[in-house]
Amino acid sequence: MPIDVDALVMSNDRLSATCNVLKLAAPAVAAAARPGQFVMVKQDLAAAPLLRRPFSVFEVLRDERGDILGLSLLNQRVGIVTEALYALEPGERLRCLGPLGRAFSLGSPPGEAWMVAGGVGLAPFATLAEALRAAQVPATLLYGGRSKADLVYVDWFRRRGVRVRLTTEDGSRGEPGLVTGALERMLAAGAPPGMIYACGPTPMMRAVAALACRHRCPAEVSLEPVMGCGLGGCYSCVVRVRDERLPAGGRFVRSCVHGPVFPGDRIAWDALAGAA
Amino acid sequence: MSAVDLAVSCGPLRLKNPLVAASGCFGYGVEYADVVDLSALGAVAVKGLFLEEREGHAPPRIVETPSGMLNAIGLQGIGVRRFVDEVLPQLRAREAVTIVNICGTTVDEYAELARILSDAPGVAALELNISCPNIKAGGITFGCSLRGLTDVVSAVRRSTPLPVIPKLTPNVTDVASFARAAEEAGADAVSLVNTFLAMAIDIESRRPRLSNVLGGLSGPAIRPIAVRMVYECRQAIGIPIMGMGGVMTADDVVEFLIAGAAAVQVGTANFVDPFVWPKLLEGLTGYLARHGHSTVSDIVGAIDLPAPDAARAGREVGPQ
């Protein structure tokens with residue numbers, strides 16, 4: 001059951017000129033959050049902009065004894081809201097409603113788990129990495145950005161035993177090229193993992209889903225459509241999922257309640273904006 | 001200080017308080033059942049239903065605009081039969097007072113929907129969606145013509161003993177004339193306003209920001225216009241009004257009541273703050289107590305207008 005808290009900003013770590021990590025004192029939300037779930041945030045309920053914005057729960061924050069202190073958000077300056085979140089100072093507050101949505105399925109994959117992240121699509125993978133580690137599933141992070149400045153928290157994952165493979169489009173760090181290229185090479189080199197998880201730009205997730213399908217490997221993608229409410233009330237965040245029983249071959253489902261995590265082969269990618 | 005009783009009558013409909021979740025902004029009610037005590041609301045107006053399931057428009061379906069939002073959902077919905085079988089029992093179990101919003105492409109469809117819902121246990125009233133700006137056939141084509149509105153309201157009136165509440169569009173020159181036509185056709189109340197037909201364009205791509213090109217504007221941006229329209233309709237008709245348009249706070253609820261609304265629907269605010277309902281009830285109770293009123297009806301239409309001469313003078317001050 002989601003709750004709404006007026007969370008204190010504990011810290012704002014500006015990792016680059018465009019990217020920051022906001023640490024929020026929202027222990028009850030953090031304690032209930034499962035990997036892949038999200039929160040809807042807004043600075044002041046009475047102030048503009050009107051609507052909340054969805055963010056993946058990035059880290060679940062704990063003190064030395066392991067008690068949960070809150071959660072963090074991975075933010076990138078792209079618009080009015082993300083600009084304001086970049087500028088927030090410790091001591092200010094942020095309304096935080098959650099946890100919301102369907103989480104990644106963990107099960108017990110027979111082999112490894114690969115996480116494929118593009119840019120701030122890294123956000124859902126910190127909690128997933130910790131859950132995989134707890135389940136003793138060997139994990140690899142394939143993480144791509146345009147340039148080395150886009151790659152953050154790499155050591156965080158390494159410290160938790162995650163194998164990391166980096167790519168940049170300009171070749172400034174890791175392998176040059178797209179992260180999907182690295183995925184393709186890994187799949188060609190050996191046995192596919194038990195599960196591939198992906199989050200990032202829509203064309204990237206589409207390519208990951210196609211590669212996973214070709215190698216008969218289950219995949220889950222975490223979509224990021226525009227959302228109005230996060231609770232299933234407004235019907236704005238729909239994505240088309242395949243359903244062969246229907247004449248249209250698919251139907252719209254609300255990604256806030258049926259997602260944001262979907263099996264990669266369920267998405268009607270041609271119908272998704274920006275997927276080409 | 002005497003206790004405040006929030007109960008109101010809206011025609012034949014008795015509500016424990018005047019706050020109603022607005023259709024299209026609250027799913028089928030059950031989506032909010034984890035965070036809102038549905039039995040504590042005056043009523044829940046569920047998302048508009050056709051006879052059949054509807055897919056709705058392709059995304060993007062919403063875009064935020066200054067103090068508001070545009071939507072063009074396209075009435076995606078499960079159809080009336082699945083609603084009756086799957087959702088209505090849940091709403092009954094939650095003790096929600098359920099107003100079912102219905103929409104058709106023909107007058108006969110509205111009548112058929114009314115007949116089906118009249119036989120379903122747990123429906124408190126029918127709200128007639130003759131005002132959705134986002135669909136090509138039906139809906140607003142009836143709501144923008146006095147003849148169309150009269151035909152739909154009369155047909156539904158003949159088909160159901162349930163209270164009939166046409167939901168009026170603001171996208172007409174004179175809303176009050178439509179309210180009068182609804183009253184004459186046998187409506188028990190009217191609800192107003194639906195969203196304002198609007199548009200937003202991405203100037204870089206030069207494409208409309210909604211897949212449907214046009215959408216309906218809601219939120220605080222429309223509130224003063226909605227208040228004006230409720231006020232005008234109150235002067236024109238004797239049946240009760242459910243007022244709505246950008247209500248975010250208890251003060252906004254009170255403003256609509258003073259303008260003449262017997263009940264107030266809350267829409268877009270649910271998206272911003274799903275926990276808004278107890279705050280609205282508490283604020284309304286506090287206002288009534290502070291002003292020495294023991295019932296909501298004490299302030300319905302209780303607007304203190306300037307004397308006619310002063311009002312005329314005031315109007316003449318406006319832009320030439």
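Is V21(A) buried or exposed, counting the other C-beta atoms within 10 Å? In this predicted model, V21(A) is buried, because 20 other C-beta atoms lie within 10 Å and a residue with 20 or more such neighbours counts as buried.

View 1. Leaving aside residues up to four places away in sequence, V21(A) touches D13(A), L15(A), F58(A), S72(A) and L74(A). E169(A) is 148 residues away from V21(A) along the chain, and the C-alpha atoms of the two are separated by 23 Å.

**View 2. L45(A) in the loop between β3 (38-42) and β4 (53-56) of chain A.** L45(A) is partly exposed, because 18 other C-beta atoms lie within 10 Å. When residues up to four places away in sequence are not counted, L45(A) touches R95(A) of its own chain together with V272(B) and D273(B) of chain B. Between L45(A) and V137(A), 92 residues apart in sequence, the C-alpha to C-alpha distance is 41 Å. The contact between the chains takes 26 residues from chain A and 28 residues from chain B, and on the side of chain A that touches chain B the residues divide into 18 nonpolar, four polar and four charged.

**View 3. The two domains of chain A, domain 1 (3-100) and domain 2 (113-224).** The C-alpha centres of domain 1 of chain A and domain 2 of chain A lie 23 Å apart. Across the boundary, 13 residues of domain 1 of chain A are in contact with eleven residues of domain 2 of chain A. On the side of domain 1 of chain A that touches domain 2 of chain A, the residues comprise eight nonpolar, four polar and one charged.

**View 4. The largest nonpolar core, with V208(A) and V44(B) as the members that touch the most others.** This core has 195 residues, and its largest share, seven residues, comes from helix α6 (residues 202-214) of chain A. At least three residues are drawn from each of domain 1 (3-100) and domain 2 (113-224) of chain A. Not counting residues up to four places away in sequence, V44(B) touches A21(B), F26(B), G29(B), L38(B), L91(B), A96(B), V97(B), T98(B) and I99(B).

**View 5. An open sheet of seven strands in chain A, with mixed pairing.** The strand order is β11-β10-β9-β8-β12-β13-β16 (chain A), and the edge strands, each pairing on one side only, are β11 (175-176) and β16 (261-263) of chain A. Within this sheet, strand β8 (residues 113-118) of chain A runs parallel to strand β12 (residues 195-199) of chain A, and five bridges join the two. The bridge partner of V116(A) in β12(A) is A198(A).

**View 6. Strand β16 (residues 263-266) of chain B, covered on both faces.** A263(B) and Q265(B) on one side and V264(B) and V266(B) on the other are all buried. Strand β3 (residues 19-21) of chain B pairs with β16(B) in the parallel sense over three bridges, with V264(B) in β16(B) as the bridge partner of L19(B). Strand β15 (residues 241-244) of chain B also runs parallel to β16(B) and is joined to it by three bridges; here the bridge partner of M242(B) is A263(B). From β15(B) the chain crosses through helix α7 (residues 250-259) of chain B to β16(B), in a right-handed β-α-β crossover.

**View 7. Helix α7 of chain B, largely enclosed by the rest of the structure.** Eight of the ten residues of α7(B) are buried, and the helix is therefore largely enclosed. These buried residues are A250(B), D252(B), V253(B), V254(B), E255(B), F256(B), L257(B) and A259(B), and they pack against β3, α6 (223-236), β15, β16 and α9 (276-290) of chain B. After α7(B) comes G260(B), whose phi is positive, near 130 degrees.

**View 8. Strand β9 (residues 164-167) of chain B, with buried residues pointing both ways.** V164(B) and P166(B) point one way from the strand, I165(B) and K167(B) point the other way, and all are buried. Strand β8 (residues 125-129) of chain B pairs with β9(B) in the parallel sense over four bridges, and N129(B) stands opposite K167(B) in β9(B).

Technical notes
Residues are numbered from 1 along each chain as its sequence is written. Chains are lettered from A and ligands numbered from 1 in the order in which they are written. This is a predicted model: local features need pLDDT of at least 70, side-chain atom pairs count only at pLDDT 80 or more; totals for chains, interfaces and linings use all residues. A nonpolar core is a set of buried Ala, Val, Leu, Ile, Met, Phe, Trp, Tyr and Cys residues joined through C-beta atoms within 7 Å. A residue is buried if 20 or more other C-beta atoms lie within 10 Å of its own, exposed if 12 or fewer, and partly exposed in between; C-beta atoms are placed from the backbone. Domain bounds come from an automatic or database domain assignment. Two residues are in contact if their C-beta atoms, placed from the backbone, lie within 7 Å. Ala, Val, Leu, Ile, Met, Phe, Trp, Tyr, Cys and Pro count as nonpolar, Asp, Glu, Lys and Arg as charged, and the others, Gly among them, as polar. Two strands pair if DSSP finds at least two bridges between them. A crossover is right-handed if, with the strands pointing away from the viewer, the path from the first strand over the helix to the second runs clockwise.
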